[in-house]
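The sequence and structure come first.

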Amino acid sequence: MERKTLFVDVLLPLHLPDTYTYRVPFEYNDVIAVGQRVVVQFGSKRLYAALVRRVHDEVPGYTTKYVLSILDLEPIVGSHQFAFWDWMASYYMCYAGDVMAVALPSAFRLSSESFIVVHPDFSGEYGDLNENEISVLDVLARQPKLPIGEVAQIVGFQKIMPLIKTMIDKKIIVMEEELQQRYTPKSSTWLALAPAYAGDEALRTLLAGLEKKASLQKQLLVMLKFLQLSKMGAEEVKKRDLAGCKELSPSALNTLISKEILLPVQRTESRLEEYANTTSPSTIVLNDEQQRAFDTIVGSTFPVNLLHGVTASGKTEVYIKLIDRVLSEGKQVLFLLPEIALTAQVINRLRKYFGTAVGVYHSRFTTQERAEVWQRTAQQTGGFQLLVGARSALFLPFHDLGLVIVDEEHDSSFKQNEPAPRYNGRDSAIYLAHLWGARTVLGSATPSLESYFNARNGKYGFAEMTQRYGGVQMPEVLCVDMRDAQRKGEVRQNFSDFLVGYIRQALERKEQVILFQNRRGFSLRIECDTCHWVPQCKHCDVSLVYHKATHSMRCHYCGYSIPVPEECPACHSSKLKMKGFGTERIEDDISILFPDAHVARMDLDTTAQKNRYLEILNDFEERKIDILVGTQMITKGLDFRNVSVVGILSADNLISFPDFRAYERSFQQMTQVSGRAGRQGTRGKVIIQTYQPYHQAIRDSMANDYQSMYSSQITERRVFRYPPYYKLIVVTLKHKDQSLLDTAAARYAASLRGLFATRVMGPEYPSVMRIRNQYIKKIMVRFERSEPLATAKKEMLRLADKLTEDKQLSRLIVQFDVDPL
């Protein structure tokens, strides 16, 4: 019977527009399937793990390379995932390969160089070989294997694949694929009692024999410990539990194994901590407002529902009830959170009720841990049913998704900015749920204007909780006019006397304090008092920030760092002054004002190490920390029962940011951080320090008046043609040559205006016009909400491709950001 010739179209984890076709060796015909990873050669030197998108028998019009091997017994990516990836690539104007590179855990994204070795059947005769073949063999005689990249250097020309192919056909060499699986299941050795000694009589004889000889006493001790741990041989014991006992001899243990008295058994085990649920969700009793919200969501005919609940209103309890309902139907739940720091508290609460059903997925996990979570999510039985994580958890291989919860849905951390795809986790979650026919719940105390607009206009269902759980009062928000306080001499080291007084009272009552400053570092900049020179990054158009811990000036865009200058290089003055303040300086200054208080800082610098953020949060929760200083990390949904005072040290940084969302975001951040105060018992106090005490965003935050903020902003958005009335696409162009960038941006903007006329704004330089030696220009295109965008996006991509066809602009980078935040 003639064997059928099959081909596969594969997706590579690269920024490439198409799939690529490879021929399937006959021996793989019966096992190859869509969704499996296969090893393919792409280009002259590299091997990649590609994903099979299609299996077919359509012969392409060119000679194809072969699939080298299959990495998976079963597909690791399913049809729902491929559909999700295709939508994301289309909507966010990138390639499916970009999505694959972000979606798959790094353990599954493999690439390497190919090597050649001498064929085992090569006779060693050089008579029929040409000069190039002999040169290659001479090198292989000195080293056992040779990277293909080095072959080009040996023979002196670049196109070496025909030479390699000829040598393979002549059976002079063979290819060796140095492609290592980066994920391997974790295994451990367990010890079992050999069946020959399982009976009581046989066991007594064994122990008696060991006891008789003094030389066997160490083996006897090992056996007695084994029998104790194994319940007299009835159970297996981990080898490391025995080997870890200091009083036992490792050599005696190994002797018992070599004598086959104890038999080693290899078992796969999880790298993840296992938790047993201790409480049933049925023990949660919802109050009237929570019950109404739960009933509204369950009874809603809308696939997407917005839950607007003030801080500490008990949204998590409603979530738990919804999760329990869906899990009881045998379906999976995805619970998305904006920050890894926030996952710690939420995970602990969810594990209390759902135990081992809970899986956690985020970037702080190791490569191996992420790969294990991926595999256990895909398991039909015994796998994870409730997945909790940041935006990357969207890409997990669900098998029956029934509910998606997006907590703190307003948070800008759900948006990925680099690399492509530049997707919004909240919006992508809604589409993922749509693919599965699942329900989506968006929750927040300060919903985004877009989500609230959709709820108000009948696109989303809506549930509201206006009171804090247990009758706890909302915090009292007070404002300090820093201009007036400085005039009166009531400001010390960036703290008003008013704020210092409330901090002192809280500490005297053994209560805790949170201080919020949305800038890290010690000082925003160092400035010469004589000529006003400021140290700048040599790669970016920004000033360097002083970090006291490392005594260095650092760029927060590219990481460039220099020692702190002793004098001004421009005028040689030694009068260098620090301007502005960040979290590091706040931590330093507050420690001086309250030397007996335990102060900690939580920002990007202090949480770089794995689990460091968790240690800080646990210490604060256990009251080992009196004052916690932090950036926006501390504003998001954290629940601390003993915090009575929150200080917002510089509200002006929030409200003065040059962005049309500045009002909305400043209200959200001030309201969210205010919500950390007084969550149990006495009413909390929030003190806002500002030079603009009558700014409407501050007034709305003080009154916790979301409606006022929404009403004023939605009117401005309509007038100035911003979301939610319009959709935005921002095109970013980058080039190392500023004049070429100017030319390219002008040409591209003119082409866009030819299609979209007045919808096009720019090109303009952003506030930071150069990052990592790349000059930047941006163009914004606005489309009406009801306008179909698929055709417009294709035209924008076509024009960008046409632009980069110009040889002068071959190094031009064009990036698209759909729905920028």
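## Burial of Ser 249

A residue counts as buried when its relative accessible area is under 20%. In this predicted model, Ser 249 has a relative accessible area of 14%, so Ser 249 is buried.

Ser 249 sits in the loop between helix H8 (239-243) and helix H9 (250-258). Leaving out residues up to four places away in sequence, Ser 249 touches Lys 218 and Val 222. The side chain of Ser 249 also makes a polar contact with the side chain of Ser 251, at 2.9 Å. Lys 538 is 289 residues from Ser 249 in sequence, and their C-alpha atoms are 60 Å apart in space.

## The seven-stranded sheet

Seven strands form an open sheet with parallel pairing, in the order E14-E15-E13-E16-E17-E12-E18. Strand E14 (358-361) and strand E18 (461-465) are at the edges; each has a single partner strand, so one side of each lacks a neighbour in the sheet. On average, neighbouring strands are turned by 20° against each other, direction ignored.

Strand E12 (residues 304-309) is joined to strand E17 (residues 439-444) by five bridges, and the two run parallel. Within this pairing, His 308 has Ser 444 of E17 as its bridge partner. Five bridges also join E12 to E18, again in parallel, and here Asn 305 is the bridge partner of Gly 461 in E18. On E18, Gly 461, Ala 463 and Met 465 make up the covered face, whereas Phe 462 and Glu 464 make up the uncovered one.

## Helices on the sheet

Helix H10 (residues 288-299) touches E12, E17 and E18, and its direction makes about 175° with that of E18. Helix H11 (residues 315-327) touches E12, strand E13 (332-336), strand E15 (386-389), strand E16 (401-407), E17 and E18. The direction of H11 makes about 170° with that of E16.

## Nonpolar cores

In soluble globular proteins, nonpolar side chains tend to be buried together. The largest nonpolar core in this model has 148 residues. Those touching the most other members are Trp 85, Ile 323, Leu 334, Phe 335, Leu 350, Tyr 748 and Met 796.

Leu 350 is in contact with Ile 320, Ile 323, Phe 335, Gly 355, Val 358, Leu 386 and Val 388, leaving aside its neighbours within four places in sequence. Another core, of 25 residues, lies apart from the largest one; among its members are Ile 503, Phe 581, Phe 594 and Val 599.

Notes: Residues numbered from 1 in each chain as written. Predicted model: local features only at pLDDT ≥ 70, side-chain atom pairs only at ≥ 80, totals over all residues. Heavy atoms only, no water. Pairing = 2+ DSSP bridges. Helix = DSSP H or I, 4+ residues; strand = E, 2+ residues; numbered from the N terminus. Axes fitted to C-alpha atoms, helices over the stretch in contact; angles between N-to-C directions. Contact = heavy atoms within 4.5 Å. Core = buried A, V, L, I, M, F, W, Y, C linked by side-chain atoms within 4.5 Å. Buried < 20%, exposed > 50% of the residue type's maximum accessible area, 1.4 Å probe, protein only. Polar contact = N/O pair within 3.5 Å; in protein donor to acceptor, adjacent residues only side chain to side chain.
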